[in-house]
Amino acid sequence: MKKYLATLGLVMVVGVIPLARPTPVMAQTVDVTALYALIQSLQNQLQALLNQLNQPSVPRGPSVVINNVSGPNSLSVDETGTWRVNVDAPAGTNLNYSVDWGDQKVIVAGAVKSENKIQTSATFTHAYTSPGTYTAKFIVDNGIVCIQAPCSTHSSAQASVTVVVGNTSIPVPLTVRTPNGGERWVLKSNHVISWSPNPHSDTVEAYLEKMIDGQFYTVGKVVPSAKGSIRWEGDVDRYGDLSAPGNGYYIRLVDTKTGQQDRSDRSFTLLPQDYIKVDLKVNGSDGPIEIPAGGTTVKLSWTSSNVDSCSYEVADQGGRGGFEPNRSDFEIFIKDPMNRDGMAVYMDCKGELGHRGDAVSIKSMTTRQTRINSFTASPNPRVVKSADNSSSLNVNTILSWSASGAGSCKLVGGRFTGEKDQTTTGSVTITPLYPTTYTLTCYAGANRSGQATSATYTVRTTSDVNNDGQVNAIDLQIVSNCISNTNCTAAQRVGADINKDASVNASDLEIIQLLIMPPQLGADSTNNQNQTATVLTSLRSLLTSISDWLGAR
C-alpha cells in the first residue's frame, strides 16, 4: 500500500486546494486547457492503481519435468504397447497424468504424490486398431488435468513419441525432373520446376544453388509465380529479387513432410531478362493513343530479338493477326473505343527460350457532349479592402468542380501562371489578392484535345458598408443592426452583405470585425470564467474520488 500512496504523491499535493470555500475567479489569464489535461491524467493514474490493487493473484505450483518416455516406436495392428513416463518433481507434489494417443483416444490417470525429489514414473498401455503413424502426447500436471499443455495456472510438462503401426511401405524417392541439366532459362519468363512422385504436392520447396570450388551454396529460396508443380520466373527469397544471369545453377528440392531431398543432376543456365525483346509502338508512340469518333487507321511498328514469331491483338475489337518478327510495320483500323476506360493493342513474340509481350493503350477522343456540372467556391471568396487600401482581408477558399463527358480539364487565372492540368473532378485552394476571374475548360479527349466547354468564376472586391470612404466602427454597428433587424434600411442591408451571399449574418460580422480590429483574447471574458469554473468542478470531483478511495483503504 505504501508504494501506491507514494505514486499518488502528486495527487495528494493537489488535495491541499480547499473545497469548502472555493477561491473566486480572479481577473487574470488561466491556462484552463493545461489544467484540465492535468486533472484527466491524474484520474487515469488513479484508475490504473485501483485496477492493479484489485487484480487477483495467480497461484503457481512447483515445477514438473518429464525426463524421458520409454516404449516401442512400432507396433502391429491391435498389438498392446507399454510406455513408461519418467518425471522429476519436488517432494510432496500431487501429480496428474494424461495421454493423448493420437487416435482420438485420451486417458487420464489418478493423482500420484511424489515421495521425494527423485524420478517418479507412471506406466501406460495402449493398442492401435488401424495402421498408420501416430503421435502420442504424455502430459504431467501438478494441480489439474491439462490436456492442452502448458497450463496457465499450474506447472505442467509434455513429451511426445511417434509410433508406426502396421506395415509401412518404403516411400518412392523424390527426384528432380526439370531443370535437370543443360536447360537455358530466360529470367522473368515462366518456367516449370517439376519432380516425381506427386508432382503437385504442396509440401515440396525449391532452392536455387550454385557450385563453387566443388561445394554447393544456396543462392536463395525459389519464389513460385504460380501453383501446380512450381512455376518460376527467377525470383529468390522474395518477389522482385531476381537471380543473377549465369551458368552453373542447380535446383534442390526438399519435401518438408518426409524430409526427402534431391538436386539437379547437372547445371543449367539463367539468361538475362532482356535476352528476348519486343517493343511495340502505335504511330511511333508508346501511348496512350487517342482515337476520334468513327475510328482511324494507325501504324503498328516494333523491334524484337531472339524470337521466331509475333502476333498482335486489339482488345475488345476482335482484330488480331500473326506475322514474321522481321517485318517492319503495317497499318490497322481501330474503332473509337466506347469503353470510357479505353483499351489496348497487345503484341506477343515467342522464341525457343520463352516469349515477351508489350502493349499500347488506346483512349477515346469522343465528340459526345462535355458538360461542366459545377464550378463553385467555399467559402464564398471576396477581396475585402478598406477605402484607402491600408488594410485588407484575404481568406483561403477552395475552388472545386466536376464535369461529365470530359477526358481532361485545365484551370487558368489568379496566381496560376499559364495552364494547370486537372482531372475531371478536382479542387484547388486559392487566396485571392485582387479581383480575379478563374476559367475552367474541359475537353472531350485527354491532353486537352477534342470538343471543349468552359465556365468562369469571378472574385470581386467588397468596399466599406456605408460608402463613406472608410471602414470603421460605424460599419460594424450597421452590420450588427441588420443582423438583429434594428434600424437597418434597405440600402444598408445591401452594403452589410459583405460576402455577397444574399444574407446578412454572423459571417459578415466576423469579416468586418477582423478588418477593422485585430483579434484579441479578453483575459476576464465570460467564456474564460465559464471554462475556469468547469475545470475547478472537475478538480473537486477528482479530489473527492481520492478521498473516498483513501477512506476505503
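The legends below describe close-up views of a predicted model.

**Figure 1. Overview of the protein chain, 553 residues in length.**
The protein contains seven helices and 37 strands. Of its residues, 35% are buried. The accessible surface is about 30800 Å². Carbon and sulfur atoms account for 49% of that surface.

**Figure 2. An open sheet of three strands, in the order E28-E31-E34.**
Pairing in this sheet is antiparallel. Strands E28 (371-378) and E34 (425-430) are the edges; each has a single partner strand, so one side of each lacks a neighbour in the sheet. From one strand to the next, the twist averages 15°. Six bridges connect strand E31 (residues 397-404) with E34. Across this pairing, leucine 399 faces valine 428 of E34.

**Figure 3. Two of the 11 aromatic pairs in the structure: tryptophan 185 with phenylalanine 268, and phenylalanine 375 with tryptophan 401.**
The ring centres of tryptophan 185 and phenylalanine 268 are 5.5 Å apart. Their planes meet at 50°, so this pair is tilted. Tryptophan 185 belongs to strand E11 (residues 184-186) and phenylalanine 268 to strand E19 (residues 268-271), so the contact ties together parts 83 residues apart in sequence. Both tryptophan 185 and phenylalanine 268 are buried. The pair of phenylalanine 375 and tryptophan 401 is edge-to-face, with 6.4 Å between centres and 75° between planes. Phenylalanine 375 sits in strand E28 and tryptophan 401 in strand E31, 26 residues apart. Phenylalanine 375 and tryptophan 401 are both buried.

Isoleucine 107 lies in strand E5 (residues 106-108). Its relative accessible area is 33%, so isoleucine 107 counts as partly exposed. Phenylalanine 124 is 17 residues from isoleucine 107 along the chain, and their C-alpha atoms are 9.2 Å apart.

**Figure 4. Charged side chains over tyrosine rings.**
Lysine 210 places its charged end over the ring of tyrosine 249, 4.6 Å from the ring centre. Arginine 252 lies over the face of tyrosine 207. Here the distance to the ring centre is 4.9 Å.

**Figure 5. Cis peptide bonds at proline 179 and proline 197.**
Most peptide bonds are trans. The bond between threonine 178 and proline 179 is cis, with omega about -5°. Proline 179 is in the loop between strand E10 (175-178) and E11. The bond from serine 196 to proline 197 is also cis, with omega near -10°. Proline 197 is in the loop between strand E12 (191-196) and strand E13 (204-212).

**Figure 6. Positive phi at aspartate 78 and lysine 188.**
Most residues other than glycine have a negative phi. Aspartate 78 has a phi near 70°. Its place is the loop between strand E2 (74-75) and strand E3 (80-88). With 52% relative accessibility, aspartate 78 counts as exposed. Lysine 188 has a phi near 70° and lies in the loop between E11 and E12. Lysine 188 is partly exposed, at 24% relative accessible area.

Methods
Residues are numbered from 1 along each chain as its sequence is written. This is a predicted model: local features need pLDDT of at least 70, side-chain atom pairs count only at pLDDT 80 or more; totals for chains, interfaces and linings use all residues. Side-chain values use heavy atoms; hydrogens and water are left out. Two strands pair if DSSP finds at least two bridges between them. Helices (H or I, at least four residues) and strands (E, at least two) are DSSP runs, numbered from the N terminus. Axes are lines fitted to C-alpha atoms, for helices over the stretch in contact, and angles run from 0 to 180 degrees between N-to-C directions. Buried means under 20% relative accessible area, exposed over 50%, partly exposed in between (1.4 Å probe, protein chains only). Rings of Phe, Tyr and Trp (its six-membered ring) pair if their centres lie within 6.5 Å; planes under 30 degrees apart count as stacked, over 60 as edge-to-face and the rest as tilted. A charge sits over a ring if NZ of Lys or CZ of Arg is within 6 Å of the ring centre and within 35 degrees of the ring normal. Accessible areas come from the Shrake-Rupley method with a 1.4 Å probe; for residues, only the protein chains shown count as cover.
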